[in-house]
Amino acid sequence: MRARTQQGPRSSIRQQGGRRRRTVSAAASMAIGVMALAALTPLASSASAAVATARPDTVQQALNTLVRDDGMPAATASVKDRNGHTRTYTAGVGDLATGSKVPRGGQVRIGSNTKAFTAVVVLQLVGEGKIDLGADVDTYLPGLVRGKGIDGRRITVRQLLQHTSGLPEYGAYIDDDELRNRYFEPRELLDIALQHKADAAPGEKWGYSNTNYLLAGLIVQKVTGRPLAEEIDRRIIKRVGLRHTYFPTPGDKTIREPHPQGYHRNPADGPLRDFTEIDPSAGWAAGQLISTDSDLNRFFGALLAGRLLPAAQLAEMRTTVPVGDSGMRYGLGLTSRPLSCGGVYWGHGGDIPGYETRGGVTEDGRAVNVTVTSIPTEEAAVQHVKDAVDRALCG
């Protein structure tokens, strides 16, 4: 789904109606809060068990707020300090039906964090001389991208990765039942997008669209002759040891390892629905991956440390454009966001019905990822997720 400048890129696959006006009912919030009282403590890794700082308390307080005040069924986090010590946190309950505990280090759907993985593969291919960021889409997918004000001969690969192509968002036209149950081929998703006119001329302005990364994934497959999932697994997941990260196979609606259930509310006054098991194909190159808080920290840490890209391509990835007046800037599948303690952190973030993930890494090696098990629908909750990330990185 499209970005909102208050939060940055929204990675839910379908449009949820513009501004976040929906609210979590007081009764639902109270019920979730009561069930959550038994699961509000952090767990230190063996490397950091003796490290007692103020930060773990403030991070836990931030997660507790998301459960108690904002009605999130569960909130989790993994925090690594500049010395490499890691702490894992949970709040809330893993399953509203049973009241079971939130599994520590559990897997979740990471939505548009997938875009960072796709962008890394594209930039690796740039480094290998197989893709040119300045080349037009037709160079790799001749004649495929045509529509109302849309011409693949005028859109560059860089504009796809940077969200400055002007391409319309396919996710706005997929409803909940389709998202949950239907398998989409990537070309079907592209067909949905191309039925609608361009949002802007190429290069005219920044505008978040999952369609950009759909095309980036198709370019990867055309250039390599291999499935995108295989390229992500070989080039990233295995390379940096992401043991709990995978690209679900066609038809796999489940989450393989222990995980908190994910919930979704639509319409605003409707009940929370369990959306844990969905067909993730509507996300594909833009949002299909499953991972954990700690694996995301490892991925972004390896990326910023230069372990996944040559210096020239990492510099391209970190060359950003502003996203409205939010303070966030968007590069090539990578964002920078300001910290209250100064400086910025680098990451992406993502939502898909059932889960929202936010976080990133700093230049000096601090890392955090925060997950909530329902996409926040009030501005206060959106801010509280951002606050949790900021507290963890600023301590």
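Tutor: Contact here means heavy atoms within 4.5 Å. Keep that cut-off in mind for Ser-209. The model is a predicted one.

Start with where Ser-209 sits. Its place is the loop between helix H6 (186–194) and helix H7 (210–224). Is Ser-209 buried or exposed? Buried means under 20% relative accessible area. Ser-209 has 1% relative accessibility, so it counts as buried. Now look at its neighbours. Leaving aside residues up to four places away in sequence, Ser-209 touches His-163, Leu-167, Pro-168 and Glu-169.

Next, the largest pocket. Rolling a probe the size of a water molecule over the atoms shows where empty space is left. The largest pocket holds about 370 Å³ of space. Its lining has 21 residues. Nearest the centre lie Lys-80, Ser-294, Asp-295, Asn-297 and Arg-298. Which elements supply the lining? Strand E2 (74–80) and helix H10 (293–304) each give at least two residues. H10 has the largest share, with seven residues. By type, the lining divides into five nonpolar, 11 polar and five charged residues.

E2 runs antiparallel to strand E3, and seven bridges join the two. In that pairing, Ala-75 stands opposite Ala-91 in E3. The two strands form a hairpin with five residues between them. Gly-84 lies in the turn, and its phi is positive, about 90°. E3 covers residues 86–92 and is mostly covered: six of its seven residues are buried.

Strand E12 (residues 335–338) has a partner on each of two pairings. Take strand E11 (residues 329–330) first. Two bridges join E11 to E12, and the strands run antiparallel. Arg-329 stands opposite Ser-336 in E12. Four residues lie between the strands of this hairpin, and Gly-333 takes a positive phi near 75°.

Then turn to strand E13 (residues 344–347). E12 and E13 pair in the antiparallel sense over four bridges. Thr-335 stands opposite Gly-347 in E13. This hairpin has five residues between its strands. Gly-342 in the turn has a positive phi of about 100°.

Key:
Residues are numbered from 1 along each chain as its sequence is written. This is a predicted model: local features need pLDDT of at least 70, side-chain atom pairs count only at pLDDT 80 or more; totals for chains, interfaces and linings use all residues. Side-chain values use heavy atoms; hydrogens and water are left out. Two strands pair if DSSP finds at least two bridges between them. Buried means under 20% relative accessible area, exposed over 50%, partly exposed in between (1.4 Å probe, protein chains only). On a 1 Å grid over the protein atoms alone, a cavity is a set of points where a 1.4 Å probe fits but cannot get out, and a pocket is an open set with protein on both sides within 12 Å along at least five of seven lines; lining residues have an atom within 4 Å of a point. Grid points are joined across faces, edges and corners, and a volume is the space filled by probe spheres set on the points. Ala, Val, Leu, Ile, Met, Phe, Trp, Tyr, Cys and Pro count as nonpolar, Asp, Glu, Lys and Arg as charged, and the others, Gly among them, as polar.
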